[in-house]
Amino acid sequence: MRGAPLSERFRELGLLAFIVLLCAAFQVRNHNFLTLGNLGDLLTNTAILSILSVGMMMVILTRGIDLSIGSTIALAGMVSSLTVSAHRGIHPLVSIAEGVLVGTLVGALNGLLIARFAVLPIIATLGLMNVVRGATYLISGGAWVSAYQMSDGFKAIATGRFLGVRHPILIALVINLAFVYFIEHTRTGRQIYAVGSNPEAADVSGIPRRRIVALVYTLMGALAGLGGVIWAAKFASAQSDTAVGFELSVIAATVLGGVSIAGGSGKPSGLVLGTILLGILNNALPLIKVSPFWQQAIQGGVILAAVLTNVLVKRNNQLFALRTRAI
Amino acid sequence: MERTIAIDRPWSWRSFFLQWEWLLVLIFVAVHVVNSVLSPDYLTVDTFLETPMSFLDKAFLVLPMTMVIILGNIDISVGSIVALSAVVMAVAFHAGLPMPLAMLLCLLVASACGLVNGLLMTSFKELSSVIVTLATMIIFRGIAYVILEDQASGQFPIWYSALGWESFGGVPIILIAFAACAVLFTLLLHKTSFGRRIYGMGNNLTASRYSGVRTDSIILIVSTLTGLMAGVTALFLTSRMGSTRPNVAQGYELEVIAMVVLGGVSTSGGKGRMAGPLLAVFIIGFLNYGLGLVNIPAQVLLIILGLLLVLSVLVLKVRFRERAVRGSGSLPVEKVAARGPEDAAQ
Amino acid sequence: MQKLFTRGALLGLSLAIAAPAVAHAASGDKYAIVFKNTGNPYGDRQMGGFKAGIEEQGFQAILRAPDQPTAEAQIQILEQLISQKVKAICIVGNDRDALQPVLTKAKKQGIKVFSLDSGVNPASRLTHVNQADSEKIGRTLVEAAYDMAGGSGEIAILSATSQATNQNLWIEFMKKELAKPKFANLKLVKIAYGDDLRDKSVSEAEGLLQSYPNLKVIIAPTTVGIAAAGKVLTDKGLGGKVFLTGLGLPSEMATYIENGVCPYMFLWNPIDVGYLGAYVATALTSGKITGAVGQKFKAGRLGEYTITKAPDGGTEVLLGPPFKFDKSNIADWKAVY
Amino acid sequence: MAETVLELKGISKSFPGVKALQDVHFDLGRGEIHALMGENGAGKSTFIKVVTGVHQPDAGQILLDGAPVRIEGPKDSQRLGIAAIYQHVTCFPDLSVTENIFLGHETVRPVLRNIDWGQLHRRAKDLLRQLDAGFDPRTTMGNLSVAQQQIVEIAKALSTGARIIIMDEPTAPLTARESEDLYRITEGLRDQGASIIFISHRLEDVFRLAFRVTVLRDSRYVGTWEVGRLRQEDLVRAMVGREINQLFPRRAAAVGDEVLRVEGLSRTGFFEDVSFSVRRGEIVALTGLIGAGRTEVCEAIYGVARPDRGRVLLDGEELQVSGPAQALEKGIGYLPEDRLRQGLILDWDLARNVTLPTLDRFARLGWLQPAKEEAAAKDLGERLEVRARSVFDLASTLSGGNQQKVVVAKLLAGSLKVLILDEPTKGVDVGAKTAIFDIMNGLARMGYGIVMVSSEMPEVLGMSDRIVVMREGRVAAILHTQRSSQEEILHAAMPERRV
């Protein structure tokens, strides 16, 4: 819905409040929750999610969706770690570049199908999800790449620290900042919103709609590739069944962040909050000492609660806006 | 000046043969040809009478999912509903409930889950169905875990296993049941005012609402039907597995959606026919089986299915290209979600 | 352009369907093994061993596995094997009971059905090839924890999915073992499930460390879980404070055994397990054995084996005691499997 | 006269199956407002698309300042100083006013190439001030009124430094008052030397504003005249190709007793304490500025949105409607304002569109009887003189007027007592307008009570028995048409402060 900037901020406050409450609750259950170490772990484990949700936000802004990223993560991770295991000497940056390249190719393929041949995003990416996953099995021959086959440099991509901050957190931070700049302060960034907000208008306004859409999926792929490398380095292992179903978490995070599936609306600040919320759900539940069999139910419940709170807050703002509006 | 309006249906062989279903029929035939070339064991009566048993369980989900997608929605919670209802049935049975009642309970629980989805969608129109069912997907399976934890539950009466394994007059019971459901759903969708309204809502929700279509009740009915069929799937699946666990039917949702989409039903709603998905069920089923006979590795199978999906849709796209161009060639827009705000109380 | 493209797409389509034409069968009796899922090196070794054993006897081996570790998928594969009229099926079950109907169908058709590694219930199998005595595995792991913890302290278990047949069995025996007075001071604080997913296993492991600050030992009887735990302990520099043991692949664990995070762990040689399975298969089809207790048969290079009573009431063939991997030998094994 | 800036010579353009333009001529002088008229489907929209380079002409040439040019696309035409303001306002509801104005040609700072928001907002403010519009350029486009959005569109055109501005039916969605503002703005642009192509259905627009008028009919060029020397009926004849003796046919409908009564209806933020009544055979016009809450009132009566207070009585008994479905059952029909979004399912054929509201009448136990549907559609279609080949024609293939007739047919298929027609002639050409008025009269004669929402003064005065004037969500006055003048109504509708 169209909301005045004010109410938009309101709604993110709602999400923020929700997160704070959740943390409070967790802290009560387990006093080690709000410790530096734990928060460090939490952020590190959320970094990959955050990186991908940035891409997913752009995709969803254009009214699209990408189901293939889980497979892309696996493929990129597998390719880069296979290379590393073959030539240990390789510089980490090269590995990253390699993974990103792989991801970009997959993304570009998505973009081609969707922008050039107008295949519905859900179909194109659903198909590629299978194809890419299968390809990963094939190139790996079903084998895993294990810790001892990876160079320390490669593992350091995920475990190393820069100024005391772990690389994944740092990378995610940089990506998010770059994203804010791109989406809020560049022409192309704004055109992404425009395309999602009103495709027809975008055409008559001379916005290269198809190119924008293609670009968005390519970026998504690139980020998935980056995420794949970090994933492989973080767990010091590359499997062909890595990140099965991860796309759903990413979509959930993006939508929790208030990015509307209808396209055109959503803010980076919201995205970050949504990602953090999901990060907490994925990583903190083991901490609250409930039976593992309750974890899923709780996770789902919280997600639903968060989404519904968002809606209710939004409705409230609208009502408020109506009351105070001069007809 | 009095002008008259004709009531003869426009007909041309071209448009008749330019229907998506024909491509599917082609693929269907191709699959059988390839399979029988590849494997000597393929062309047998068993293949056609026995094989359906092994892939029809999730096919029951294709029927309502087609409606859901034509409606412009999507439901990714079906797999979880199957698991939950199956688990409840098993537990109820072991708690002493007679099997027939337990089965009834299974259907009830499943329908209830569907209804919950529907209620959430209708009372929170701002939310797209993807989000709602994404959440309930996690919740329903979560509940299944809470109930059965790390246990499996089985030892059902012998006669129950007949459901998934026995034949009636040479035809598998499951096939008969599926045929029956398929006919019912096809008629419901294509021959009744209910089905007509579904198409209307998929094409233009607002206009349908202004035209006096009770959009909420239709959404409720469809989601409940979806739940019900998930229950039916649970019945047959459990019968085939002889026991059940909280982790059954994982990832069914995407498989089912893939079949519906391959069947030529557009995820932007309002378009497509039941025939397509039905064909798709058997195409994928027999393809799986045939390639299994020559022991194709699972990963290759994945690739083939993926390609099948994308390429077939590409063919469709290209075929209707010139029309797309005249329609300003606008990119596909996921009405699935677009309806959210459009319909939200203003 | 469009027309050309249409052709291209159609061509691709037909290719997609015709692609498998490359893969094709040979002659001779067919023996099939069905593993849990593809892309699992442990499984590949096991199937490799089976293949070797079958082929050295001059038969044809069929190796199958679904892409996801579900019983549903295995049922479909089993149906296909039945139609192929294989001689015997060696199943590594994703579910203990869920395969009973389809396996019974196979037996009705005269196919010799037995399970391997991850067993199915006695009613669905003729016998079971067990990598090692489940009870012994439980005992050994608890002993290891006892030894690492120095006789007392908190221990936790990081398992695969809560539905995993083997792991649940072993955990049962571990609990039984822990009940003994000797281990009175070992406190099992939690059983966590990493679902054999890297990310979940890691956050579960981190969760254990956060929730139980004076945790002494983590027992992870699953290859993904133990490696994930090893990674966490290494990154946190907890080597020497919190110990790790369990069942893992040498290749996956080499790093963590060498850096002392995991003093030692156990596994059996999956290749041998598969190899033994191959000979059980032929012995069953040739009628040498029927799966009854006490029957003996020769298993190629592994020598003679006897069918024994299994704790679940059925019968089984034991490969032997689990093999212990530590600093001394890990280097030689990490390249093998 | 002033030198020619733009000239089209013998332009032809056809699409698969359709000849959109055939040998069309047009010329535009500097500082001229040149009206382009024609019924829907006459080729006006294609004309624009050709000039803005969205389509390339098959034949003929375009001269700019006397020199032939090829216009490759929207960007190209922008460069050449041509800007178009489209009929259905093409804004980006989620973006701010500033962005809508500058999208695609934002000024970026040197090094980082990031958008210079501060400067853009300032420029936007200036532009808006030029068009003396008061609102803040930071507001979200979606929150503006249609009129305001149109001003933004004009600002957009100016921001590209356009010297040739094409306005496609800009006044269609505007009220009389808002149109006046638009006229002023347009003349302002002209006086600054801009040349304007003004496309419209409204005769008053043309006679009020244009210097010359060019008429297209059935994609052919009919002629160009100086407005000063043109009689209204000549222009109409030129457009319609036939005589239209009377735009507002008088009717003799016996006004019966009261059928609909609205008492103190209120909905927070939309309208307050609205009361009026309608009698059988009576046409009550509901008028006022856009945003005055007319449509909202109708939707509340029809059950689309719930009112907070007040009640609606039908034949004296109180209605409790939870949605359109019930409203239709009870006997209230609504012809929505936005035909394409709310009125029709464009991908559906006539028959299915017509029967949608009354589907159960064409089904036995839910089982559809297509034959019955088609018969009914044929019957209604012919009664309303819908120009269609068969009942299987897709709604999207019909012209605006005929589409509107189909929507009316949907209402007639049921047995209703009250019809609420929201802007029934919006975007409908002169020919079809009279047809629709005829239909309305017919309906009144049949005893329907009719509520007609309209912003067009002539049509309000010409068609209604009584007029309910709304202002800022309240009923400002209820007048008897015979005894009231345009001035009175306008006066009642005007708010004290400026919008």
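**Notes on the A–C contact and a helix pair in chain A**

1. Start with where chains A and C meet: 28 residues of chain A and 25 residues of chain C take part, with two residues counted as in contact if their C-beta atoms, placed from the backbone, lie within 7 Å. On the chain A side, α2 (36-61), α5 (121-140), α12 (268-284) and α13 (292-324) each supply at least two residues. The largest share, three residues, comes from α2(A). Helices here are DSSP runs (H or I, at least four residues), numbered from the N terminus.

2. A quick word on the model. It is predicted, so local features need pLDDT of at least 70 and side-chain atom pairs count only at pLDDT 80 or more, while totals for chains, interfaces and linings use all residues. Residues are numbered from 1 along each chain as its sequence is written, and chains are lettered from A in the order in which they are written.

3. Now look inside chain A, where A:V106, A:L109, A:N110, A:L113 and A:I114 of α4(A) meet A:P121, A:A124, A:T125, A:L128 and A:V132 of α5(A). This contact divides into eight nonpolar, two polar and no charged residues.

4. Back to the chains: of the five pairs in contact, A and B share the most contacts. Chains C and D do not touch, and their nearest C-alpha atoms are 17 Å apart.

Definitions and conventions:
Nonpolar A, V, L, I, M, F, W, Y, C, P; charged D, E, K, R; others polar.
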